[in-house]
Amino acid sequence: MTYNTIPDLLRRKAVQAIFNTNTMNAAWPTWLNIIQNKLGNNYTENDIINLGDHLAEIFQSTSVTGRDQAALSSGGTAWESLVCWYINLCTVGSRVVAIKTMSMVPKPIQDATTINYSNFACNTESDITVVIFPDAYDYNTDINHLVINDASGIPIPITKQGKLNNSILDFLTERDFAQTEIGIIQCKTNWNDNAQIPMLWDMIYSAGGFRGRNITIGRNNFSIQNAPNFTYSFVTVPSNSRANYNPQSVAVKRVTNLSGGNYWGKATTLGVARSIKEIFNNNYSSGSRTNLRNDLRNALNELNTNGDLDYFKI
């Protein structure tokens with residue numbers, strides 16, 4: 001099996017982008033050693049999915065100590081990169097793609113998630129944007145057998161300089177917006193300091209804005225309200241090692257009812273947070289014709305150094 005569909009190419013581009021950062025390159029040798037120890041030899045799809053129970057441990061093996069702005073920024077970027085890598089790894093072969101680099105997010109989705117405060121437009125703290133492409137021919141077909149024409153009947157190049165062309169993504173997402181699902185993930189290393197942020201953003205999205213206060217969602221006639229599904233999730237390490245998280249904690253209550261759920265990089269604790277491995281079944285299961293577990297099982301042989309999915313570097 002080859003991984004050469006439009007979602008596959010976008011996934012490759014998104015993962016390669018995080019490996020092109022100094023933060024990821026500095027952390028990866030240490031992370032990889034732990035990941036390989038967790039997976040063991042002849043690992044299965046279950047072993048990969050279960051890495052979600054250990055992402056906090058993996059991240060903290062290289063976490064920056066201190067609370068100055070540089071340390072917080074470096075740690076936040078590393079956590080976002082690790083979560084983005086993990087989500088894409090667990091969704092290989094599906095139509096689900098996680099994107100950390102905002103410039104790679106299709107323009108209609110950037111527009112749909114924009115918050116307008118009077119004449120001021122801003123994007124949410126979307127550390128990771130997840131796109132679930134429609135179950136349609138253009139997203140399930142090898143690009144070597146695919147021709148996509150614009151409104152004038154002129155073919156649009158699917159790739160440019162060997163990588164997926166952003167223009168084709170913008171065109172398809174605009175054309176198929178009503179069938180494209182969207183997920184936003186806010187990644188924070190610290191839970192206590194940041195729980196109120198996703199709570200407030202999710203309120204705005206769920207309410208469709210506050211028109212009496214001149215706060216609206218979307219621009220250029222794209223809005224999440226026109227997408228078939230939209231989820232807003234919170235994923236934390238958490239780095240507050242001394243915190244006593246329980247169902248009555250203020251930080252827990254703030255994210256309990258997020259539309260996409262709240263997760264952490266550890267095993268599920270009922271009433272507190274679910275393991276990040278539960279985010280797939282909760283939010284993104286529609287992105288596979290069979291199920292995401294089967295897609296991952298079928299991809300295992302391609303994850304080696306000579307396979308189509310070697311860009312995951314495991």
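Visitor: Is Tyr-205 buried or exposed, and what is its relative accessible area?

Guide: Tyr-205 is buried in this predicted model. Buried means under 20% relative accessible area, and Tyr-205 has 4%, so it falls under that cut-off.

Visitor: Which aromatic pair does Tyr-205 form, and how do I read it?

Guide: A pair of aromatic rings is described by two values, the distance of the centres and the angle of the planes. Here, Tyr-205 pairs with Tyr-232 at 5.9 Å centre to centre, with 35° between the planes, and the pair is tilted. Tyr-205 belongs to helix H9 and Tyr-232 to strand E9 (residues 230-236), so the pair ties together parts that are 27 residues apart in sequence. Tyr-232 is buried too, with a relative accessible area of 0%.

Visitor: What span should helix H9 have, and what does the model show?

Guide: At 1.5 Å a residue, the 12 residues of H9 (residues 196-207) should span 16 Å. The end C-alpha atoms of H9 are 17 Å apart, which agrees.

Visitor: Which residues of H9 are buried?

Guide: They are Ile-197, Pro-198, Trp-201, Asp-202, Ile-204 and Tyr-205. These residues cover an arc of only 160° around the axis, so they sit on the same side of H9. After the helix comes Gly-208, with a positive phi near 70°.

Visitor: Where does helix H2 bend?

Guide: H2 bends by about 45° at Trp-28, and Pro-29 follows within four residues. The 18 residues of H2 (residues 22-39) should span 26 Å at 1.5 Å a residue, and the end C-alpha atoms are 25 Å apart, which agrees. Among the buried residues of H2 are Trp-28, Trp-31 and Ile-35.

Visitor: How many aromatic pairs does the structure hold?

Guide: The structure holds 14. One of them joins Phe-19 and Trp-28 edge-to-face, at 5.0 Å centre to centre and 90° between the planes. Elsewhere, Trp-191, Phe-234, Tyr-245 and Trp-264 form one aromatic cluster.

Visitor: How many residues are in the largest nonpolar core, and which have the most contacts inside it?

Guide: That core has 54 residues, and those with the most contacts inside it are Trp-31, Trp-85, Tyr-86 and Ile-314. Helix H5 (residues 69-90) gives the most to this core, with 10 residues. A second, separate core of 37 residues includes Leu-10, Val-131, Leu-164 and Ile-182.

Visitor: What does Trp-85 touch?

Guide: Leaving aside residues up to four places away in sequence, Trp-85 touches residues including Phe-19, Trp-28, Ile-35 and Ile-314.

Methods
Residues numbered from 1 in each chain as written. Predicted model: local features only at pLDDT ≥ 70, side-chain atom pairs only at ≥ 80, totals over all residues. Heavy atoms only, no water. Helix = DSSP H or I, 4+ residues; strand = E, 2+ residues; numbered from the N terminus. Expected span 1.5 Å × (residues − 1). Buried < 20%, exposed > 50% of the residue type's maximum accessible area, 1.4 Å probe, protein only. Arc of directions from axis to C-beta. Bend = angle between axes of the 7 residues up to and from the residue. Core = buried A, V, L, I, M, F, W, Y, C linked by side-chain atoms within 4.5 Å. Contact = heavy atoms within 4.5 Å. Phe/Tyr/Trp six-rings, centres within 6.5 Å; stacked < 30°, edge-to-face > 60°.
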